[in-house]
Amino acid sequence: MLIQLNPTGVLDLLSQLEVDLLEQSSTSERYKLFRNCALAVLNVGSHTDSSSEIYNKYEDFDIRLLSRERGIKIELLNPPATAFVDGEIITGIHEHIFSVIRDILFICQKYEKDLSEQKAITHMVFDMLRNAAALQVNSDPSMIVCWGGHSINEVEYKYTKQVGYELGLRGLNICTGCGPGAMKGPMKGATIGHAKQRNTNNRYLGLTEPSIIAAEPPNPIVNELVILPDIEKRLEAFIRTAHAIIIFPGGAGTAEELLYLLGILLHPDNAKQSLPVILTGPKESENYFIELCQFVEMTLGKQALDKFEVIIDNPELVGVKLKSAMANVRDYRKSQGDAYYFNWTLKIANEFQKPFAPTHENMAGLDLHLDQEKQLLAANLRRAFSGIVAGNVKDEGIQAIKQHGRFVISGEPALMKAMDRLLQAFVEQGRMKLPGSKYVPCYEVKA
């Protein structure tokens, strides 16, 4: 099957120089990354979270850029049939394809070299969001970032939709990692809430990264998709665009996000930040939050528990609290002279911005002991969970595990015991892989 598509969004108006640069990029080493991200977007609705399995299934897929005097078109060869209805590509997927071109080929040309300065990294995150029109200048705080697992049960999924519905009724917008599970549920729920209020300016912002986009393909509800280069820049984009954060049940990736967030909020420079954080789920998930809070208290102390609130089985209360909190967020940003659309005053230390490569050597070398500054411990724990995510669902991590065996995570005995207990709970609750998949651990925890 051969399909041609016209451009959408920022790419529907290009100069000839820009078209030439795009063509050069599409034949460069970046092409494989571009092709894989495009395939992931087209493969929405997939019932696997293995990047390798998806890439192997569609080995005959290809994508080409076609230069035209008025811009570019793209040509798809043997794309997944699920992306089409009656021979026409689904509109949301069509838009996402051109988001891939914008972020992977277009913007990334400006940042060929690895960035090291904190200001430069934050600028890149800002620049990518701005170029994607994801920063709305003349709007009050309303963006609720929702984190949670891609592998959650039906009760938890329905709960995320109910929370999204309560947010939508109150005119709040949704930002997620844009994949399935707890990333999709809040968006689906919010669409109903927005529709009932006749809200036509609804926003469903999806932030992803090339290494995980195949395992968690963007759902078509996302009407603003941004593909950040790596997990660190993706996480920074989340918290700088967030006016509040909700964390639903999840696995290693959700633990990574929580540890990243707490490590930043525990920095003394962020003591006065107004960023509401709520952990919530149905009553059936209460034990999950008990275990997670016990791990946080044991590792980061009681002061970390003060940075968030846990609400069990009460979607309406979540909506009420966050709607009310928007006034406080607005007042704080105004008092600091900060933007509503991008939190410039949030201090993010270098250990949270520097990309971590989840190799066997790096995983074995993590500094995991309790006698260190809390934000440093949070950064190292975040890296450990990030490596587990890579071994579970990211192509490079899966290949590394096949070649060299499990990651070995070692450290202080008490800390390792707590980490092993939390990870084992994730495995028993089916949070590491999609339902129906047998989970084989990619890690080994040693004291």
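How many of the 14 residues of helix H9 are buried? In this predicted model, where residues are numbered from 1 along each chain as its sequence is written, local features need pLDDT of at least 70, side-chain atom pairs count only at pLDDT 80 or more, and totals for chains, interfaces and linings use all residues. Side-chain values use heavy atoms, with hydrogens and water left out.

Helix H9 is mostly covered, since 13 of its 14 residues are buried, where buried means under 20% relative accessible area, exposed over 50%, and partly exposed in between, with a 1.4 Å probe and protein chains only. Helices (H or I, at least four residues) and strands (E, at least two) are DSSP runs, numbered from the N terminus. H9 comprises residues 252–265, and at 1.5 Å a residue it should span 20 Å, which agrees with the 20 Å between its end C-alpha atoms; the expected span is 1.5 Å times one less than the number of residues.

The strands are described next. An open sheet is formed by 7 strands in the order S9-S8-S7-S6-S10-S11-S12, with parallel pairing, and two strands are taken to pair if DSSP finds at least two bridges between them. The edge strands are S9 and S12 (309–312), each of which pairs on one side only. Neighbouring strands of this sheet are turned by 25 degrees against each other on average, direction ignored, the axes being lines fitted to C-alpha atoms (for helices over the stretch in contact) and angles running from 0 to 180 degrees between N-to-C directions.

Within this sheet, strand S7 (residues 173–176) runs parallel to strand S8 (residues 204–208) and is joined to it by 3 bridges; Cys175 stands opposite Leu205 in S8, and Thr176 stands opposite Gly206 in S8. Strand S8 is largely enclosed by the rest of the structure, because 5 of its 5 residues are buried. On one side of S8 these are Tyr204, Gly206 and Thr208, and on the other Leu205 and Leu207, so that both faces are covered. The chain passes from S7 to S8 through helix H7 (residues 185–196) in a right-handed β-α-β crossover, a term used if, with the strands pointing away from the viewer, the path from the first strand over the helix to the second runs clockwise.

On to S9, which runs parallel to S8 and is joined to it by 4 bridges: the bridge partner of Gly206 in S9 is Leu225. Glu224 also belongs to S9 (residues 224–227) and is buried, with a relative accessible area of 11%. Among the residues that Glu224 touches, not counting those up to four places away in sequence, are Ala133, Arg203 and Gly206, contact meaning heavy atoms within 4.5 Å.

The largest nonpolar core has 83 residues, and those with the most contacts inside it are Ile245, Phe385, Ile388 and Met419; such a core is a set of buried Ala, Val, Leu, Ile, Met, Phe, Trp, Tyr and Cys residues joined through side-chain atoms within 4.5 Å. Apart from this core lies another of 58 residues, including Ala40, Cys146, Ile174 and Ala325. Residues touched by Met419, not counting those up to four places away in sequence, include Phe295, Phe385 and Ile409.
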